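Hi everyone, thanks for coming. Let me put the model up on the screen, and then we can walk through it together.

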Amino acid sequence: MRNLKEGGERRITPMSLNCRSATLTSKKILELKPKPPFNFDATVHKPSWFPSSDLYWEKGKHWQSLLFKEEVFGIKMENKGEVDQPKIRLTIYSRRKLPQPLIDKVIAELSFRFDFESDLLEFINRFRQDKLLGPVIKKWQGMQVICSGSLYESLVISIVLQNATVKRSVQMLENLLNAYGSRVCFDGKTLSAYWQPEVLHKVSEEDLRKLKVGYRAKFIKKISEAFTEREIDEEKLRSLPNENLKKELLKIYGVGPASVENLMFEIFRRYDFLETIPPWDQKILSRLLYNKELVPTRKILRDVDRRWGKWKRLTLHYLWEDLFWKRKHQSVPWLEKLIRL
DNA sequence: CATCAGGGCCCTG
DNA sequence: CAGGGCCCTGAT
């Protein structure tokens, strides 16, 4: 469960000093048809995430930068369909005219990251009548799990989330993007884009620490090194069964049980995997599931498994995002107290 | 001012 | 396998 967003659709403006910046003038427009049901807004926008300058959302529209195959793209998606008849108008912005094979690869990658092909019918049918989950499913059915970034980028996010409050995580990530990322301009937006892992591999730990990432500098450097040396193969990891995947992820320096939990769910979509509930999540789930202040994690884990089985982790996502969508429109006092900015 | 905990993880004993 | 140390920040 990656967290928190600090109010509204406010977006962080990338600092325009000291940075490489590119205007993406070439565009390719395509139409995509995700597997129904597909809820566009609930999929592309996660109110529980903290804001970052590489993404921008407004109702029916999603923009992001995309660093893929050593090239920076601008992605725009517009909702042109309905939950039962989904249709997305995708525009790929780039510096140059793109060859068709590359376009196909970009689409395939987006299709993975936005889960366009995932089938949720079993989940929906099975829990339509569930007292707690049923109403949430009716409201949000077709909400898919996304990782808008690559595994490397998701790892960096996991690292800045560790042992920090929202505000600090935001600060660390923005500092990194400003210092080592780039800016892309397309469709009237300027967004940050990530850096190649090699870039940080070469940077000294001391320089990284200047960005106020603290002891995490070492983690970020080692992870960047691992990707530079191609020690981590995202494609290969995707095909591993849960236990092996978990073992591989834990080998990554700086990744422990809490980060594994996020990665298993958001990046690898293992909806049946749930082993750890970190303290902050515990507080929120205690309220959501029991309307109590604090329920032991062991009990939560057992109950969730009994009730929702192999769909337990996806269930939590539905309940969680539903809560944060509510928070957009009305204040949820007990939640506000838990969100420390 | 000083102290401390925090949405972990590594490393040591 | 428990617990100390680590970075920064804001709360007390």
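Let's begin with one side chain: arginine 298 is exposed, with a relative accessible area of 73%, where exposed means over 50%, buried under 20% and partly exposed in between, using a 1.4 Å probe and protein chains only. Arginine 298 sits in helix 14, which covers residues 297–308. Valine 166 is 132 residues from arginine 298 in sequence, and the two are 26 Å apart in space, C-alpha to C-alpha.

A quick word on the ground rules. This is a predicted model, so local features need pLDDT of at least 70 and side-chain atom pairs count only at pLDDT 80 or more, while totals for chains, interfaces and linings use all residues. Residues are numbered from 1 along each chain as its sequence is written, chains are lettered from A and ligands numbered from 1 in the order in which they are written, and side-chain values use heavy atoms, with hydrogens and water left out.

Now the whole chain. Chain A has 16 helices and 8 strands; these are DSSP runs, numbered from the N terminus, with helices being H or I of at least four residues and strands E of at least two. Along its principal axes, the C-alpha trace of chain A spans about 50 × 45 × 40 Å.

How much of chain A is buried? Of its 341 residues, 57% count as buried. And for contacts, meaning heavy atoms within 4.5 Å, 71% of those in chain A between residues at least 6 apart in sequence join residues at least 24 apart.
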